[in-house]
Amino acid sequence: AIALVRYRRPIPEVEAVTDEHRVYLRKLMAEGTLIAAGPMDPRFGGIFLLKVPDEDPQRALDAVRDNDPFYTKHIAQYELVCWNVLLGKDAL
């Protein structure tokens, strides 16, 4: 799955929550949910590549969003995209 994260607040407000957000991302990575993440260039948001279960992937994506400090503190909005990978799935 992919999460597109778009900032809703000015960069100084984003930066005030960035450390807390990155702690959360490291937790997701340790759990095996997050494969890759990083800011867009130019920096107006970020993108996550996520591994979610085939059964009820939307529920897993909602949980990723709902627990992110960027979301809970109204810093960013999420666009969650379920993605049926056909080519390259084994590499993920």
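This is a predicted model: local features need pLDDT of at least 70, side-chain atom pairs count only at pLDDT 80 or more; totals for chains, interfaces and linings use all residues.

Biologist: Nice. Where does Pro-42 lie?

Modeller: Pro-42 is in the loop between β2 and β3. From Leu-28 it is 14 residues away in sequence, and the C-alpha to C-alpha distance is 25 Å.

Biologist: On to the largest pocket: how much space lies in it?

Modeller: About 350 Å³. Its lining has 14 residues, with Ala-1, Val-52, Asp-54, Trp-83 and Lys-89 the closest to the centre.

Biologist: What makes up that lining of the largest pocket, by class?

Modeller: Ten residues are nonpolar, one is polar and three are charged. Asp and Lys count as charged, while Ala, Val and Trp count as nonpolar.

Biologist: And which residues lie nearest the centre of the second largest pocket?

Modeller: Those are His-21, Arg-22, Leu-25, Gly-38 and Pro-39, out of 15 lining residues. β1 (2-7), α1 (11-31), β2 (34-39) and β3 (45-50) are the elements that each give two or more residues to this lining. The space in the second largest pocket is about 190 Å³.

Biologist: How does the lining of the second largest pocket divide by class?

Modeller: Eight nonpolar, five polar and two charged residues. Gly is counted among the polar ones.

Conventions
Residues are numbered from 1 along each chain as its sequence is written. Side-chain values use heavy atoms; hydrogens and water are left out. On a 1 Å grid over the protein atoms alone, a cavity is a set of points where a 1.4 Å probe fits but cannot get out, and a pocket is an open set with protein on both sides within 12 Å along at least five of seven lines; lining residues have an atom within 4 Å of a point. Grid points are joined across faces, edges and corners, and a volume is the space filled by probe spheres set on the points. Helices (H or I, at least four residues) and strands (E, at least two) are DSSP runs, numbered from the N terminus.
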